[in-house]
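Biologist: I am new to this structure. Please take me through a close look at a single part, then show me what else can be seen from there.

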Amino acid sequence: MPSASDSLNRWLGDEQLRRQAHGLQRNRLEVSNRAGCTVLVDGQKLINFSSNDYLGLAADPALADALSQACAQHGAGSGASALVSGFSSVHRQLEQQLADFLGTEAALLFPSGYQANLAIHTALAARGDCIVQDRLCHASLIDGARLSGARLLRYPHVDISALDRQLERSTAEHTLVVTDGVFSMDGDIAPLPELVEVCERHGAWLAVDDAHGVGVLGQGGQGSLSHLGVAASCVPVLVGTLGKAFGVSGAYVAGSAKLVDHLLNHARSYLYTTAMPPPLAAAGLAALQVIRNGKAQRQLLHDRIGYFKNGAAERGLVLLPSETPIQPLLIGEAPAALRVSQQLRDLGFLVVAIRPPTVPQGSSRLRITLSAVHEEEQIDQLLDGLLTCMNNR
Ligand SMILES: *Cc1c(COP(=O)(O)O)cnc(C)c1O
């Protein structure tokens, strides 16, 4: 009798019960018929307010065309890691165009933002070094820091004086300071000019993960840096992803040619993984084209954000302060956030409850995300739904 597997199953069952008792069980929705901002879930049509597809590019025919053409030309897969034989002309082109767009010397493509974030930490810091992160940094940044073996310090959210004091005390040879550009669960923007100044003063290296800023913020869509008037040359390590506003998948690290060369030689999450499929790189190129010419879509998105915020204020709904498409409504305990999310679903809206450990204990929330393809009428309907659900809570 296999008693080891019995004991595993017992433990798995206990863990599952524990998650369920605390409102922390996670289940995947099976989504189909993605069209504009609506999705089909269990046969019910929902207006999706839980997507990072801020410009509606994921379903853009230009991306699908580029993808299928590249598929015919290069095949579906890259066939190897980038340093073996998986790197192609499409990858090169996308890297060059991303660097040109962002105003950096070079860029390096990764299959995912998670891997890009492991790379910057593990290739730039090791035992004896120090990594200092904002307390609300994305999980992939925390994991990168842990994997690097460097000492990890965290400063209270956007508290530059606390960071200043930590840097003052640090005796490490290399210190890497890391922040989200736009905080993924709160939607606020990091104080980048102040971060640049304090890092410069202490000789610390600054890395910004702009997953939710690129394509969305700045006149030309270059992201948080451009939005706050910070030159790309002031941020030595810039990460962005292609899975959010770009509507595709994958990520990049942008910076100097020496940075890129160092990462591709030393970052294990780059070296030991299959290169991004060429069709995705081609779709990334098409997305970049749309984003470069996307001033009108960005304006539309920001109009929708303003419309949502005004409507919330008129109805007395209090949101976390954010000027980005990420508009969180704080609920508190996880089971309550789940209940409100379910009520909204019954009304035809997909608004997922974000719970620990993604956010701190007691700060479970509805993370409402807006897109350029939402209609004002849909936003009005959501706001009325939110008001009803919050009152019935
Ligand atoms: C989504 C996200 C990532 C991870 O990117 P993937 O390409 O989805 O792996 C990294 N950082 C931040 C801030 C994110 O929001």
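Modeller: Start with the largest pocket, which holds about 860 Å³ of space. Keep in mind that the model is predicted. Rolling a probe the size of a water molecule over the atoms shows where empty space is left. In this pocket, the lining is made by 21 residues. Look for Asn27, Leu29, Val352, Ala353 and Arg355, which lie nearest the centre of the largest pocket. By class, its lining has eight nonpolar, eight polar and five charged residues. Two elements, α14 (334-346) and β13 (353-354), each supply at least two residues of that lining. The largest share comes from α14, with four residues.

Now move to the second largest pocket. Its volume is about 530 Å³. Here 20 residues form the lining. Nearest the centre of this pocket lie Cys137, His138, Ala139, Met185 and Thr358. The lining of the second largest pocket divides into nine nonpolar, five polar and six charged residues.

Two packed helices are described by the angle between their axes and the distance between the axes. For helix α2 (residues 61-74) and helix α12 (residues 278-292), the angle is about 150° and the axes are 8 Å apart. The crossing of α2 past α12 is right-handed. On the α2 side, the contact is made by Ala62, Leu63, Ala66, Leu67, Ala70, Cys71 and His74. Those residues meet Pro278, Pro279, Leu280, Ala282, Ala283, Ala286, Ala287 and Val290 in α12. By class, this contact has 14 nonpolar residues, one polar residue and no charged ones. An α-helix has 3.6 residues a turn, so residues three or four places apart point the same way.

Stay on α12 for one more residue. Gln289 is found in this helix.

Finish at helix α8 (residues 192-202). Its buried residues are Leu192, Leu195, Val196, Val198 and Cys199. The elements covering them include β6 (151-155), α7 (160-169), β7 (175-180), β8 (205-209) and α9 (224-227). After α8 comes Gly203, with a positive phi near 65°.

Conventions
Residues numbered from 1 in each chain as written. Predicted model: local features only at pLDDT ≥ 70, side-chain atom pairs only at ≥ 80, totals over all residues. Heavy atoms only, no water. Axes fitted to C-alpha atoms, helices over the stretch in contact; angles between N-to-C directions. Left-handed = near helix turned anticlockwise from the far one by under 90°. Contact = heavy atoms within 4.5 Å. Nonpolar A, V, L, I, M, F, W, Y, C, P; charged D, E, K, R; others polar. 1 Å grid on protein atoms, 1.4 Å probe; cavity = no way out; pocket = protein on both sides within 12 Å on 5 of 7 lines; lining within 4 Å. Points joined across faces, edges and corners; volume = space filled by probe spheres on them. Buried < 20%, exposed > 50% of the residue type's maximum accessible area, 1.4 Å probe, protein only.
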